[in-house]
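Here's a quick tour for anyone meeting this structure for the first time. Have a look at it below, and then we'll walk through a few spots.

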Amino acid sequence: MTTTRTSDFSTVQDTFFTYVRDIKYATMITVDRRNRPRARVLLPVWEIVDGRPVGWLAAYKTPVKTAHLARNPHTTYSYWNPRQNTLHVDSRSTWSDDRATKHHAWDLYTKGGPPGVGYDPIHYWSGGPDDPEYEVIRIDPWRIQLVRGSDLRSNIWQPDPD
């Protein structure tokens, strides 16, 4: 088992998007007020902004998710497939309430982020991106680990400290 570390996302970007396209759904883990993990399966979309990955999660603003993120915005999004390929995205997740961001995330879901990942959100929010029930979480990764199941080779991306 070999682990390679990098601060340059472009070196792992293709594998990252390959895994996201293949697996699609991620398990989102938050932490409650007693420091216990809580998991739910969701479908984030992703893009590259200034050389770094940024995720978007269309979601309902449930009381549990809202309380967890308010207390501790650190989350993990975990992807797995039967070939044992895994992707773990350690991140900071925050609600993004501005109209332009909501429209941007809606467009990414509709077009695919990356292509092949997404859905038509109109099935959940009939009022479109201005539906009062439609909310968006921004995902800012601070560490990503990709593990290839065939040999457990691991690549870790972590940006240089600001």
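Let's start with D131, which is buried but has no salt bridge. K102 is the nearest side chain of opposite charge, and it sits 8.4 Å away. Some terms here: buried means under 20% relative accessible area, exposed over 50%, and partly exposed in between, using a 1.4 Å probe and protein chains only. A salt bridge needs a side-chain nitrogen of Lys or Arg within 4 Å of a carboxyl oxygen of Asp or Glu. For charge, Lys and Arg count as positive and Asp and Glu as negative, while His and the chain ends are not counted.

Where is D131 found? It's in the loop between α3 (99-111) and β8 (135-148). Its side chain reaches the backbone nitrogen of E133 at 2.8 Å, and a polar atom of that D131 side chain lies 3.4 Å from the backbone nitrogen of S126. Leaving out residues up to four places away in sequence, D131 touches W125 and S126 (contact means heavy atoms within 4.5 Å).

## What you're looking at

This is a predicted model, where local features need pLDDT of at least 70 and side-chain atom pairs count only at pLDDT 80 or more, while totals for chains, interfaces and linings use all residues. Residues are numbered from 1 along each chain as its sequence is written, and side-chain values use heavy atoms, with hydrogens and water left out.

## Rings meeting rings

A search of the whole structure turns up 10 aromatic pairs. Rings of Phe, Tyr and Trp (its six-membered ring) pair if their centres lie within 6.5 Å; planes under 30 degrees apart are stacked, over 60 edge-to-face, and the rest tilted. One of the pairs is F9 with F16, edge-to-face at 5.4 Å centre to centre and 75° between the planes. F16 also pairs edge-to-face with F17, at 5.3 Å and 70°.

Why does F16 count as buried? Because its relative accessibility is 0%. F17 counts as buried too, because its value is 11%. Elsewhere, ring pairs link Y60, W106, Y109, Y119, Y124, W125 and Y134 into a cluster.

## A strand with two neighbours

Strand β2 (residues 26-31) runs antiparallel to β3 (residues 37-42), joined by 6 bridges. β2 also pairs in the antiparallel sense with β6 (residues 74-80), over 3 bridges. Strands pair if DSSP finds at least two bridges between them; helices (H or I, at least four residues) and strands (E, at least two) are DSSP runs, numbered from the N terminus.

M28 stands opposite R40 in β3 and opposite Y77 in β6. In the β2 and β3 hairpin, with 5 residues between the strands, N35 takes a positive phi near 65°.

Technical notes. A polar contact is a pair of N or O atoms within 3.5 Å; within protein, one must be able to donate a hydrogen and the other to accept it, and residues adjacent in sequence count only if both atoms are side-chain atoms.
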